[in-house]
Amino acid sequence: MAQADSRNEVAERIGYITRVQSFSACHRLHSPTLSDEVNKRIFGKCNNPNGHGHNYKVEVTVRGKIDRHTGMVMNITDLKQHIEEVIMVPLDHKNLDKDVPYFANVVSTTENVAVYIWDNMVKQLPANLLYEVKIHETDKNIVVYRGE
Ligand SMILES: Nc1nc2c(c(=O)[nH]1)N=C([C@H](O)[C@H](O)COP(=O)(O)OP(=O)(O)OP(=O)(O)O)CN2
Ligand SMILES: [Zn+2]
């Protein structure tokens, strides 16, 4: 108890906030740098020409100092607004490959969706705040990207 008290006096504490957002989209795994045959071999059913859909669940995590005055790492209301602009507006109910220019020549794997979200989220947030983008493509397939 004494230890906690002394730390409160000095005190820079680091917190993590995660906001969860779901979106629905369809896509096809197909690389323009590979032949149709190789695409079919690598991506199998996910290379189906007419695509398939997912209900993606994204977890956006920020990490930072807990401000001693506000008690917040950042206001979740602001984080929510960034998520709306970066995830929901461009991706929800879209065909990732056809509606999102970024994926015209980038394969729409969940890894690349995570990179897309990271790159756009990092532009909106204060410096060094974004910690992790985690995407559940299905209940069983989960990808994490930390900007490395
Ligand atoms: N490294 C990656 N591999 C795969 C990705 C990906 O984004 N990165 N994506 C897919 C497909 O998009 C596909 O939709 C995954 O579907 P599926 O394997 O059917 O999903 P589940 O594992 O949840 O289904 P089960 O059949 O119940 O196992 C493929 N690979
Ligand atoms: Zn898929």
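**The annotated site and its surroundings**

Modeller: Let's begin with His-54, which has its place in strand S2. Helices (H or I, at least four residues) and strands (E, at least two) are DSSP runs, numbered from the N terminus. Before going further, note that this is a predicted model: local features need pLDDT of at least 70 and side-chain atom pairs count only at pLDDT 80 or more, while totals for chains, interfaces and linings use all residues. Residues are numbered from 1 along each chain as its sequence is written, and chains are lettered from A and ligands numbered from 1 in the order in which they are written.

His-54 is partly exposed, because it has 18 other C-beta atoms within 10 Å. The scale works like this: 20 or more other C-beta atoms within 10 Å of a residue's own makes it buried, 12 or fewer makes it exposed, and anything in between is partly exposed, with C-beta atoms placed from the backbone. Skipping residues up to four places away in sequence, His-54 touches Ala-25, Glu-137 and Thr-138. A contact here is a pair of residues whose C-beta atoms, placed from the backbone, lie within 7 Å.

Why start there? An unreviewed UniProt entry puts a "binding site" at His-27, His-52 and His-54. These positions are spread over 28 residues of sequence, yet they cluster in space, with a largest C-alpha distance of 8.4 Å. UniProt positions are given in the numbering used here, with shortened feature names, and annotations may be inferred rather than shown by experiment.

His-27 is in strand S1 (residues 14-27). With 24 other C-beta atoms within 10 Å, His-27 counts as buried. Beyond its sequence neighbours within four places, its contacts are Gly-51, Asn-95, Leu-96, Asp-97 and Ser-108.

The record has a second feature for us. The unreviewed UniProt entry also gives an "active site" at Cys-46, His-93 and Glu-137. Cys-46 is in the loop between H2 and S2, and it is partly exposed because 15 other C-beta atoms lie within 10 Å of its own. Leaving out residues up to four places away, Cys-46 touches Leu-29 and His-52. Glu-137 belongs to the loop between S4 and strand S5 (142-145); its 19 C-beta neighbours inside 10 Å make it partly exposed too. Again not counting residues up to four places away in sequence, Glu-137 touches His-54, Tyr-56, Thr-110 and Val-143.

Now for ligand 1. Its surroundings are Leu-29, Cys-46, His-52, Thr-109, Thr-110, Glu-111, Glu-137, Thr-138, Lys-140 and Asn-141, where a residue is near a molecule if its C-beta atom, placed from the backbone, lies within 6 Å of it. That shell splits into two nonpolar, five polar and three charged residues. Ala, Val, Leu, Ile, Met, Phe, Trp, Tyr, Cys and Pro count as nonpolar, Asp, Glu, Lys and Arg as charged, and the others, Gly among them, as polar.

Just after H2, Gly-44 takes a positive phi of about 55 degrees.

Of its 21 residues, Val-58, Val-60, Ile-87, Ile-117, Met-121, Val-133 and Ile-135 touch the most other members. Val-133, for one, touches Val-58, Val-60, Ala-114, Ile-117, Trp-118, Met-121 and Tyr-145, leaving aside residues up to four places away in sequence.

Stepping back, the protein has five helices and five strands, and 18% of its 148 residues count as buried. The C-alpha trace spans about 65 × 25 × 25 Å along its principal axes.

Methods
Two residues are in contact if their C-beta atoms, placed from the backbone, lie within 7 Å. A nonpolar core is a set of buried Ala, Val, Leu, Ile, Met, Phe, Trp, Tyr and Cys residues joined through C-beta atoms within 7 Å.
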